[in-house]
Amino acid sequence: SGDIQFAFREEQGDAERGYLYLNTDSNVINDGVEREAASTYTGRTYVGNIGGDADGKAITVVFGKNNAFGNTSNLYVHDDSSVWFADKDLQTKHTQTVGGLTGSGELNFGNAAEVTLKQTSTDNGNTDITTHTVRVDNVFTGSGNAVFHIDLSALKTEDNDPLYEIFFTDQPEKNEYTALIDLTGGAVTAYRADRQQVVGDETYTGLNGILLGSTLRLNTDGWLRVDTTGEVNNLILNSNSGLEFSGLGIIDQDQSGALVVGRDLTLNSDATVSIKDMNYDHDDLVGDTGLISADNGLLNHLIYVKENINNTGNHSLSLDDDNLKPVTSDILQGDNDQKVKVATGTWQLESNLRYDETNRTFDLAYVLTKVAIEDDQTLLIEGEANATAKQDFTALITDAETGSGNVTFAAGEGATGNGTIIEVGNSATSEVNSYTGKTTVEAGTKVVLVEDSALGKTSELL
């Protein structure tokens, strides 16, 4: 099929900009036909002075009907030109599907238009097959009920192929588009001021500012990526969508998260969370955390929502299987300058993110599930200082393969009342403690067993 260009030249008028209204043919209406035949046009559409014509001027093409560009395979809008999809009043719900977007001119959705980028070929748009990215340079304007649908699913031709990622340039921290972005079969990365995208020899900055004013809705195979940290305005998660974190650091401050949702998070379905890589060692997260706290989970704030969390269906954010593999680390105890390894700890990520209603966070929880005591060493399980409520230790206690070790239970310094009680065992599991060394309960400490054999096969109780 052929291509079409909409242009305005000097000889057509003195105005600095031309306007072209694409409407239903009045002769068709007068003939009593209810609708025009659907356009079969599939060529590339150009808006503006693309050829550098000295007499060329800016032009605004205004939709007066649905699919005024037919089934165009690609829409190019020159940097000084624009397309108004929502009619002259910017209030009419016209629709248009395009196979690609190029140029850097304005796409104006008004308050009602629905435009779909349904890309089926890497020949269209600013598409790079090496980085699997689709770059969009247009400036977007829209609000209210406007919708920008993005469907990149056809670009993934094999099951093992990565998803293509769309990224927006030239809209740094702008809010001209405050309506809905609907993403299917592709990824987008949350806004971060210093983030860059390298494609070939080009480095792009000021990316995805459009996400700071809009609402992002993720549909089937729609993924929001977070590169170290990131921010979006509103986020809606539908079925089979997900969040992917890379370069994840330790974030434990209140009112913070690797992903910050500036307004509302809506969960319409369960969603998947994938931790691609972490920018810290597990020991950094453990730090000086006491074992009593560790078996209840070490928290890392993945998502912080500033305003509302809408989750009437009680849906979960669940880690993918690759993130559920246990990790081990040494447990060191003793004086600061003379700490020795007394046991090996096994840590497991909880399958679902923990929701903290008070702080409006979804947290990654590393739980100490097992301690294997080294031969002839003593593991100290000490309550928290100044505790007033009873505490528990639910991790499994076993001997290391090298031999048997000992356990000492002690209330924390300054603990009073129920704060001196340590409950031992985990009735929710079928495994029971199996260590064979001595057990010591320090003065002023009360140990309560919540299951059979909570003290394992201890050789002596002191």
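How many Å² does the accessible surface of the chain come to, and what share of it belongs to carbon and sulfur atoms? The answer is about 21,600 Å², with 41% belonging to carbon and sulfur atoms (areas here come from the Shrake-Rupley method with a 1.4 Å probe, and for residues only the protein chains shown count as cover). Keep in mind that this is a predicted model, where local features need pLDDT of at least 70, side-chain atom pairs count only at pLDDT 80 or more, and totals for chains, interfaces and linings use all residues. Residues are numbered from 1 along each chain as its sequence is written, and side-chain values use heavy atoms, with hydrogens and water left out.

**Overall build**

- The chain's secondary structure comes to three helices and 43 strands (helices, H or I with at least four residues, and strands, E with at least two, are DSSP runs numbered from the N terminus).
- With a radius of gyration of 30 Å, the chain is well over the 23 Å that the globule rule gives for 462 residues, so it is more spread out than a compact globule (the radius is taken over C-alpha atoms, and the rule is 2.2 Å times the number of residues to the power 0.38).
- Picture a box of roughly 100 × 45 × 35 Å along the principal axes: that is what the C-alpha atoms fill.
- Of the 462 residues, 48% count as buried (buried means under 20% relative accessible area, exposed means over 50%, and partly exposed is in between, using a 1.4 Å probe and protein chains only).
- Take the contacts in the chain with a separation of 6 or more: residues 24 or more positions apart account for 72% of them (a contact means heavy atoms within 4.5 Å).

**Charges and salt bridges**

- The chain has 29 positive and 72 negative charges, and their mean positions are 4 Å apart (Lys and Arg count as positive, Asp and Glu as negative, while His and the chain ends are not counted; each charge is placed at NZ of Lys, CZ of Arg, CG of Asp or CD of Glu).
- There are 15 salt bridges in the structure (a side-chain nitrogen of Lys or Arg within 4 Å of a carboxyl oxygen of Asp or Glu).
- One of them joins the side chains of R195 and E165, at 3.5 Å from N to O. R195 sits in the loop between β18 (186-189) and β19 (197-199) and E165 in strand β16 (residues 165-168), so this pair ties together parts that are 30 residues apart in sequence.
- R195 has 7% relative accessibility and counts as buried, and E165, at 7%, counts as buried too.
- R195 and E165 also belong to a network of salt bridges that links E165, R192, D194, R195, R225, D227 and E244.

**K341 and its two partners**

- K341 is partly exposed, at 33% relative accessible area.
- Its side chain meets that of D330 in a salt bridge of 3.2 Å, N to O. D330 is in strand β32 (residues 327-333) and K341 in strand β33 (residues 340-349), so the bridge ties together parts that are 11 residues apart in sequence.
- D330 counts as partly exposed, at 45% relative accessibility.
- K341 also forms a salt bridge with E374, with the closest N and O atoms 4.0 Å apart. E374 lies in the loop between β35 (361-373) and β36 (378-382), so this pair connects parts that are 33 residues apart in sequence.
- E374 is buried, with a relative accessible area of 18%.

**Backbone angles to look up**

- Here's the background: most residues other than glycine have a negative phi, and most peptide bonds are trans.
- D87 is not a glycine, yet it has a positive phi of about 70 degrees. You'll find D87 in the loop between β7 (82-84) and β8 (95-98), and at 10% relative accessibility it counts as buried.
- N314 is a residue other than glycine with a positive phi near 55 degrees. N314 lies in the loop between β30 (309-310) and β31 (317-319), and it is exposed, at 64% relative accessible area.

**Two buried asparagines**

- N300 lies in strand β29 (residues 298-305) and is buried, with a relative accessible area of 1%.
- Leaving out residues up to four places away in sequence, N300 touches L248, G249, I250, I251, Y280, F362, D363 and L364.
- N138 is in the loop between β13 (133-136) and β14 (139-141) and is buried, at 1% relative accessible area.
- N138 and F168 are 30 residues apart along the chain, and their C-alpha atoms are separated by 7.8 Å.
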